[in-house]
Amino acid sequence: MSISPRERVLPFFHAGPAPRAFGPRRGALRDGLDLRPGMRVGLFGGSFNPAHDGHAHVAETAMRRLDLDRVVWLVSPQNPLKDARDSAPLAERMASAARAARLAAHGPSMIVSDVETRIGTSWTVETLRALVDRHPGVRFVWLMGSDNLASFHRWRGWTDIMRLMPVAVIARPGSLLESRTAPAAERFARARVPEHRARSLPETPAPAWAWLSAPLNPRSSTALRAAAAAGTGDARAGS
C-alpha cells in the first residue's frame with residue numbers, strides 16, 4: 001500500500017497493513033444498524049468495561065463538534081489486547097454502554113451495537129472494513145479518546161484504519177502530552193485537520209484526523225473496576 005504524500009515517514013517500527021481475511025459478504029448477516037447514504041456517523045469502539053460518563057462525554061463532544069447524525073458505540077466481544085478474565089460478560093457491558101449513552105444530550109442518536117459479535121470480527125480494522133463495505137455512501141469517522149491515540153501504533157492495522165476513514169481524537173485527562181507526541185500523531189502529522197475546521201472532517205478524504213479539545217472528564221473504567229474490587233464504590237481518577 002503506498003504512502004500518502006500527506007504522511008510523514010518516520011524511522012520507528014509500526015505495524016504493517018493488516019491482512020484481508022475472508023469476512024461476511026455485504027448483507028450476509030444483519031448488523032442491526034439503520035444507516036443511510038449521506039449520514040455523518042461516528043464509530044466509537046471499546047470494551048466499555050464498564051462504560052461511564054467519561055465515554056458519554058467523548059461521544060457527546062464528537063457528536064456536537066463534528067455535527068454527526070449518529071454515534072455507534074461498538075461494544076467489543078473481547079479486546080484481543082486485554083485479558084478476557086478481566087472482562088465482564090458482553091450483555092453486561094452492552095447494558096452499561098446503553099446506560100452511559102443515555103447520559104449524552106443527543107441520546108436518541110446514540111446507538112449501542114454488538115455488531116462485531118454479529119458479523120464475527122475480532123480486530124477493529126476488520127470491523128471498520130466490513131461497515132464501510134456494508135454501508136456505501138455513509139460518511140464514517142472513527143472516534144477515540146486521546147488515551148487510545150497514545151498506544152494506537154500498537155493496534156493491528158492502525159495505518160490501514162487511518163487510511164480507511166477520518167479519525168477524531170477527543171482530549172482525555174492523563175494522556176494529553178503523551179498522545180500529542182504519539183507515533184501515530186507524528187506519522188500522520190501532515191494529515192491533521194485544524195481544530196477550527198473539525199466540522200469538515202466527515203467529508204475529508206482519509207488519511208485525515210483532528211484533535212478535539214474539551215472540558216476533561218476524569219472517569220475511567222480501570223479506576224471503576226479497581227474501586228468495585230476494593231468495595232469502595234465510586235472512582236474518578238485512573239488510566
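**View 1. The side chains of R118 and D114 in a predicted model.** A polar contact of 2.8 Å links the side chains of R118 and D114; a polar contact is a pair of N or O atoms within 3.5 Å, where, within protein, one must be able to donate a hydrogen and the other to accept it, and residues adjacent in sequence count only if both atoms are side-chain atoms. This is a predicted model, in which local features need pLDDT of at least 70 and side-chain atom pairs count only at pLDDT 80 or more, while totals for chains, interfaces and linings use all residues. Residues are numbered from 1 along each chain as its sequence is written, and side-chain values use heavy atoms, with hydrogens and water left out. R118 belongs to helix α3; helices (H or I, at least four residues) and strands (E, at least two) are DSSP runs, numbered from the N terminus. R118 counts as partly exposed because its relative accessibility is 39%; buried means under 20% relative accessible area, exposed over 50%, and partly exposed in between (1.4 Å probe, protein chains only). From C-alpha to C-alpha, R118 and G32 are 8.6 Å apart, although 86 residues separate them in sequence.

**View 2. Surroundings of R40.** R40 is part of strand β1 and is buried, with a relative accessible area of 8%. A polar atom of the R40 side chain lies 2.7 Å from the backbone oxygen of L66. Beyond its neighbours within four places in sequence, R40 is in contact (heavy atoms within 4.5 Å) with residues including D67, D69, R139, R199 and E203.

**View 3. Helix α4 and its packing.** Eight of the 11 residues of α4 are buried, so the helix is largely enclosed by the rest of the structure. Among the buried residues are V125, E126, L128, R129 and R134. The buried residues of α4 pack against strands β1 (40-46), β2 (70-75) and β4 (139-145), and against helices α3 (115-119) and α6 (158-164).

**View 4. The nonpolar cores.** A nonpolar core is a set of buried Ala, Val, Leu, Ile, Met, Phe, Trp, Tyr and Cys residues joined through side-chain atoms within 4.5 Å. The largest has 35 residues, and L43, W142, L149, F152 and W209 have the most contacts inside it. Helix α4 (residues 124-134) gives the largest share of this core, four residues. Not counting residues up to four places away in sequence, F152 touches M144, W158, I161, M162 and A184. A second, separate core of 28 residues includes A59, W73, A210 and L212.
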